[in-house]
Amino acid sequence: MGAQLRQLRRRIRSVKSTAKITRAQELIASSRIVKAQQRMQAAVPYEREITHAVSAVLTHTSGVDHPLTVAKEQPASAGVLIVTSDRGFAGGYNANILREAEALKGHLTGRGLAVKPYVVGRKGLTWHRFRGREMFGEWDGFSDNPSYANAKEIADALIQSFKVEDGIDEIHVVYTGFVSMLTQNVIVKRILPLEVEESETPPEGIPPYYEFEPTAGDVLDTLLPRYIESRIYNALLQSAASEHAARRRAMKSATDNANELIRVFTQQMNQARQAEITQEISEIVGGANALADAAAGKE
Amino acid sequence: MAKLRVGVVSPERELWTGEADMVIAKTVDGEIGIMPEHAPVLGVLVEGGVLRVKRDGDADLVAAVHGGFISVANNDVSILAETAELGSEVDVARAKDALQRAQASIEADQEDADARHQARRAAARLRAAGEEV
């Protein structure tokens, strides 16, 4: 067997096993998107209610200034929460996030703010470590399946450094929003000082005039951190769903490419085999002819 | 008589929604009972409280609610709990176990805030499951 033929066989075998792996990854990611979407859905009622409550309180307590809603006049530093994934194999997912985070950093530095990164996900952590950048918060191990406790932990750390002197004066979050199976967009948002967003539905008239137990200030004190936790939880859930969607797409194109390679190699291999056979035949025929000529010459 | 539309939600899921005649919850100021046509209220719930929803015909719905809020407006009652568990879902043996462990660490260290927290939670879960604590 010719050297070229053997080489092609070996490459086909190797590409085939790669295709098997990427195909399996694709299937795993597809099944996990569904679960991630369900978790996003399950979190919707709570988000809706808490947003409603926060906007109700804020409409009726315009006199109450809460530390979390007041922007500092001279902000000096900004915390940026960057949500990346723990594992790769997800195409441009992490690269997109980190690019946007860099753009935000440039923008904030332009405003004269010191930027302090808070990073979620092993990929983001290694990216920062490799560049020798200091991180002010590091979390990993839950990017594909975040729980509310994870969001709480992150929110606690952020709120803590927001409250202390010489901490951070603004908090931004960079994550991937899940639009559909095929579309995910990087979203950059400021979460502190707080701007309450009404999700999708416009407010139906003026919220009723609430009585507060115990007082409006106390309610706000406990409500706002919960609201921020819920925003962060939402960001983590969307990122998780996006991560699976990005991985599914990356693995699908990898599988398609592998199959295309296998097709090309198989063709080349068949050609090489045919060429070898043709050559062997012509060698035999040539040899036989030469023998026949020699025998004829003797006579 | 008008009915209350009640929703019990935690960040990770919606525990229960439905109609009810009365909702009893424990805020930091004390127990609060909500009946239809109640004035709008937004209250902070205590850690380790028990929520009781009285329904017509059916047995009361009882849940252990740890922290969170109750908001009432236009006969809509939402209970936003950080973590919540329906009484019927409580694993009694585990909750008892947790309570005992927490009490043991409180006895060993009176300042153990974490254990007190655990004990309150476990007690609320047991009460929600209908056990005497």
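Just after helix 3 of chain A, Gly132(A) adopts a positive phi of about 65 degrees. Helices here are DSSP runs of H or I with at least four residues, strands are runs of E with at least two, and both are numbered from the N terminus. The model is a predicted one: local features need pLDDT of at least 70, side-chain atom pairs count only at pLDDT 80 or more, and totals for chains, interfaces and linings use all residues. Residues are numbered from 1 along each chain as its sequence is written, while chains are lettered from A and ligands numbered from 1 in the order in which they are written.

Helix 3 of chain A covers residues 122-130, and its buried residues are Lys123(A), Gly124(A) and Trp127(A). Seen down the helix axis, these buried residues fall within an arc of 95 degrees, so they line one face of helix 3 of chain A. The arc is that of the directions from the helix axis to the C-beta atoms. A residue is buried if 20 or more other C-beta atoms lie within 10 Å of its own, exposed if 12 or fewer, and partly exposed in between, with C-beta atoms placed from the backbone. The cover over the buried residues of helix 3 of chain A includes strand 1 (77-83), helix 2 (93-110) and strand 2 (114-120) of chain A.

Chain A is divided into two parts, domain 1 (3-25 + 252-285) and domain 2 (26-200 + 209-247). Such bounds come from an automatic or database domain assignment. The centres of domain 1 and domain 2 of chain A, taken over C-alpha atoms, are separated by 48 Å. Six residues from domain 1 of chain A and six residues from domain 2 of chain A make the contact. Two residues are in contact if their C-beta atoms, placed from the backbone, lie within 7 Å. On the domain 1 side, helix 1 (3-60) and helix 5 (216-298) of chain A are the elements that give two or more residues. Helix 1 of chain A provides the largest share of that side, four residues. By class, the domain 1 side has one nonpolar, three polar and two charged residues. Ala, Val, Leu, Ile, Met, Phe, Trp, Tyr, Cys and Pro count as nonpolar, Asp, Glu, Lys and Arg as charged, and the others, Gly among them, as polar.

Chain B holds two helices and eight strands. From the N terminus on, its elements run β-β-β-β-β-β-β-β-α-α. The C-alpha trace of chain B spans about 50 × 25 × 25 Å along its principal axes. With 133 residues, a compact globule would have a radius of gyration near 14 Å, and the 15 Å of chain B agrees. The radius is taken over C-alpha atoms, and the globule rule is 2.2 Å times the number of residues to the power 0.38. Of the 133 residues of chain B, 41% are buried. Among contacts in chain B with a separation of 6 or more, 53% are between residues 24 or more positions apart.

Strand 8 (residues 76-86) of chain B is mostly covered, with eight of its eleven residues buried. Strand 1 (residues 4-10) of chain B runs parallel to strand 8 of chain B, joined by five bridges. In this pair, Val9(B) stands opposite Leu80(B). Strand 7 of chain B pairs with strand 8 of chain B in the antiparallel sense over ten bridges. Here Gly68(B) stands opposite Ala81(B). Two strands pair if DSSP finds at least two bridges between them. The hairpin of strand 7 and strand 8 of chain B has two residues between the strands, and Asn74(B) takes a positive phi near 50 degrees in it.

The domain assignment of chain B gives domain 1 (4-87) and domain 2 (90-128). Their centres, taken over C-alpha atoms, are separated by 23 Å. The contact takes ten residues from domain 1 of chain B and nine residues from domain 2 of chain B. Strand 6 (49-54) and strand 7 (61-73) of chain B each supply at least two residues of the domain 1 side.

Between the chains, 23 residues of chain A are in contact with 23 residues of chain B. Helix 1, strand 6 (211-213) and helix 5 of chain A each supply at least two residues of the chain A side. The largest share of that side, nine residues, comes from helix 1 of chain A. By class, the chain A side has 17 nonpolar, two polar and four charged residues. Strand 6 of chain A runs parallel to strand 5 (residues 41-44) of chain B, and three bridges join them. Glu213(A) stands opposite Gly43(B) in strand 5 of chain B.
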